[in-house]
Every structure is written in structure tokens, then in C-alpha cells.
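Please keep the sequence and the model in view while reading.

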Amino acid sequence: MVKEEKEIANRPDNTAFTQQRLPAWQPMLSAGIVIPGFVLIGLAFIGIGVALFVTSRSITVLEIDYTGIEKDSACFKCSNADVKNCVCNLEFSIDSLFEGPVFFYYGLSNYFQNYRKYAASRDDEQLSGDLDAFTAPSDSCSPYDYNGNDKPIVPCGAIANSMFNDTFVLYRVVNGANKLVPLDGKGIAWWTDYNVKFRNPSVTPLKNAFNNTVKPIFWPKPAYQLDASDPANNGFINQDFLVWMRRAALPDFRKLYRRITDGEYAKGLPAGNYSLTIAYNYPVQSFEGRKKVVFSNVSWMGGKNEFLGIAYLVVGSLCVLMSIVMLIVYAKFKFPEED
């Protein structure tokens, strides 16, 4: 008797919702719906694929490798690890207007920023401006948390320690003279990184926040001196630092270094001869990597990416092909039954 009363008490209410009697609609997929649907989807994908592919082909990209391993390379002398503060010059020419805005990237290959231990080697509290984390870095930064004298490293971790530090100056050669091409380094990092994720300590001057700390082992100067020309571009909101700290997913990647959008170069790089002066600092031979510079413009779909257009074309073609196969099968096995 008690058991029956418990069952009645636990029984759901006798409503359409609790007893699952609500009206429902279920599509009845027939050949007359599925086959035209596949055709329309296929044509839509093919149209988008053609637009993406044609647009991608219209994007201009200029890549120049400057690793310096080859003896005929302009940077061959700098590839020797024993040579310090080496500078090399890359000469190149552009046959026609390189339409702007032009984006200037540096590229690295065989560099695994997605390695788990490397990706975790950072202190987010430190990077958000927490002074307590300055004096006591997170264990996740080990072995780049303290130097040999037990002084805390700021910023700590393998990612910050391995920050790319080659620098570039671009000149346009006009009548045998080098004319400086202005490079714009503002706003090259993600907005969320600059305004939300990374913050400097609320200490003025910023240098005082780094008292009793040391710079990363492989850095030539501390974080508060990353940009001597712009005091607002130092510390953890330095644009180059932010770009580097956003890790790449693949071993071959490129990162934005500068934009070329000012003055007479707003419409792009005019045809002519150019010289790129490189302060060669970043070693890559130890892991068989390579370095390159990339000049590229963009379109409404972003940078050059032919794979996306090809993928749409392949999927669209498969949809159309499947619709033809289904139509043949339907005509062979279904039409006689309907008659």
C-alpha cells in the first residue's frame, strides 16, 4: 500500500508536456525534396568556392627566405651562431604596383608553438599586472621562473623567453639613394589582448614595477624598454610582445610585424627596387627551422587561402554528383512502382 502511494506521488502530472503528447512535426524526406536540395546546396557551394578561389588568386604575396643557410644568401654571414649583432640586407624588386594596404609579416617554419609544455609555460597573473606574481612567479614557468641568483624573471616562461627579436627596416631605392618606407606597428595585436588579457602594473614610472626582477634570459633588454620611441608601447602591452604571445597552431606560421599604410604608400608599394635591412638575432638552425619575410595584401575574405575555395568547390561538386547518382537510382527502382 505504501509502495503504491509512493509511485502515485512520483508520477508526473497528466499534462501534454510531461506525458510527451505535444504536437510535433517531422519532415518526410522524399526523392522530390532530397535530390533538388542536394543540387541547390551543391550549386551554392560551387558559387561560393569560385568566389573564394578567384579572390584568393587576386591577392599578391611576396615571400623572401633569409635564413642564410645557403652560401649565396645575403644573410649567410649571420647564420653563424658565433657572429653577434649581425646585420644583412635583402635586395628585391617589384615589377608593378603592390596594391595596398600592404601587411609585413615574419615567418618561421618547423617551430612548434602548440607543444603542450611550451604553451603552458607562462604566468597569466603576472601578465595581467599582478605585482605579487612579479616576486613569486608561477611554477608553470619553470625553468624560466628564476635566474641563477634566485631572482624572479619577468615576464617568466618559455613563450616570453623565446620572443622573436629580429628587426627590419625597409627602404625604397630611388636614383641610387635609400628612401625610408614608414612601417606602422600600432594595432597589430588582437584588441582583446591589448585591452583585456594583458595589463601593465599600475606603477609610475613602469620601470619601478620591475625592481628586484630580471629580464628573460634571451632578451636583450627588459620589458619596460621594448620600445624606446613610444613609452605607451612598453611592458606587457607592447604590440610585438602581444603578437608573439598569441601562439600559432601549426609549425609553419607567420605573424604580423608591421603595416605599410602611410603617406605615399597608402595605395601600396610602387614598382621599383627595395632594400630590407635585417638585424639578424633570432637563431633557428638548432631546430632546423627557417625564417622568412612576407609582404601581402588582403581582400574581403582575408589573406591568401586557396584551400578554402577548393574545399567549397569539392564539397559542392560532390553534392551535385550525389544528386545525379540518387536521381539515376530513383529513376531505375522507383518509377516502375509508381506506375
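**Overall form**

The model is a predicted one. Its secondary structure comprises 10 helices and 10 strands. The radius of gyration is 30 Å, well over the 20 Å that the globule rule gives for 339 residues, so the protein is more spread out than a compact globule. Along the principal axes, the C-alpha atoms fill a box of roughly 85 × 70 × 40 Å.

Buried residues account for 36% of the 339 residues. Of the contacts between residues at least 6 apart in sequence, 78% join residues at least 24 apart. The protein exposes about 20,300 Å², and carbon and sulfur atoms supply 57% of this area. As for charge, there are 33 positive and 34 negative charges, and their mean positions are 2 Å apart.

**Annotated spans**

According to the unreviewed UniProt entry, the annotation "transmembrane region" covers residues 33–54 and 310–331. In the model, residues 33–54 are 100% helix and 0% strand, with the end C-alpha atoms 32 Å apart. Residues 310–331 are likewise 100% helix and 0% strand, and their end C-alpha atoms lie 32 Å apart.

**Backbone features**

Two cis peptide bonds may be described. One joins Val154 and Pro155, with omega about -5 degrees; Pro155 is placed in the loop between helix H5 (131–135) and helix H6 (158–161). Another runs from Thr204 to Pro205, where omega is near -10 degrees. Pro205 belongs to the loop between helix H7 (191–197) and helix H8 (239–245).

Positive phi values in residues other than glycine occur at Asn110, where phi is near 60 degrees, and at Asn212, where phi is near 65 degrees. Asn110 is situated in the loop between strand E4 (102–109) and helix H3 (116–120), whereas Asn212 is in the loop between H7 and H8. Asn110 counts as partly exposed because its relative accessibility is 30%, between the limits of 20% and 50%. Asn212, at 64% relative accessibility, is over the 50% limit and therefore counts as exposed.

Lys207 is partly exposed, with a relative accessible area of 48%, while Asn234 is buried at 6% relative accessibility.

Which residues are in contact with Asn234, leaving aside its neighbours within four places in sequence? They are Asn200, Leu206, Ala223, Tyr224, Gln225, Leu226 and Asp227.

Arg122 is located in the loop between H3 and helix H4 (124–127). Is Arg122 buried or exposed? Its relative accessible area is 10%, under the 20% limit, and Arg122 is therefore buried. Apart from neighbours within four places in sequence, the residues in contact with Arg122 include Ser140, Cys141, Cys156 and Gly157. Lys197, Phe198, Met245 and Arg247 are also among them.

Gly302 occupies the loop between strand E10 (290–296) and helix H9 (306–333). With 24% relative accessibility, Gly302 counts as partly exposed.

**Selected C-alpha separations**

| Residue pair | Separation in sequence | C-alpha to C-alpha distance |
|---|---|---|
| Arg122 and Pro143 | 21 residues | 11 Å |
| Asn234 and Met301 | 67 residues | 32 Å |
| Gly302 and Lys117 | 185 residues | 31 Å |

Terms used:
Residues are numbered from 1 along each chain as its sequence is written. This is a predicted model: local features need pLDDT of at least 70, side-chain atom pairs count only at pLDDT 80 or more; totals for chains, interfaces and linings use all residues. Side-chain values use heavy atoms; hydrogens and water are left out. Helices (H or I, at least four residues) and strands (E, at least two) are DSSP runs, numbered from the N terminus. Buried means under 20% relative accessible area, exposed over 50%, partly exposed in between (1.4 Å probe, protein chains only). UniProt positions are given in the numbering used here, feature names are shortened, and annotations may be inferred rather than shown by experiment. The radius of gyration is taken over C-alpha atoms; the globule rule is 2.2 Å times the number of residues to the power 0.38. Contact means heavy atoms within 4.5 Å. Accessible areas come from the Shrake-Rupley method with a 1.4 Å probe; for residues, only the protein chains shown count as cover. Lys and Arg count as positive and Asp and Glu as negative; His and the chain ends are not counted. The place of a charge is taken as NZ of Lys, CZ of Arg, CG of Asp or CD of Glu.
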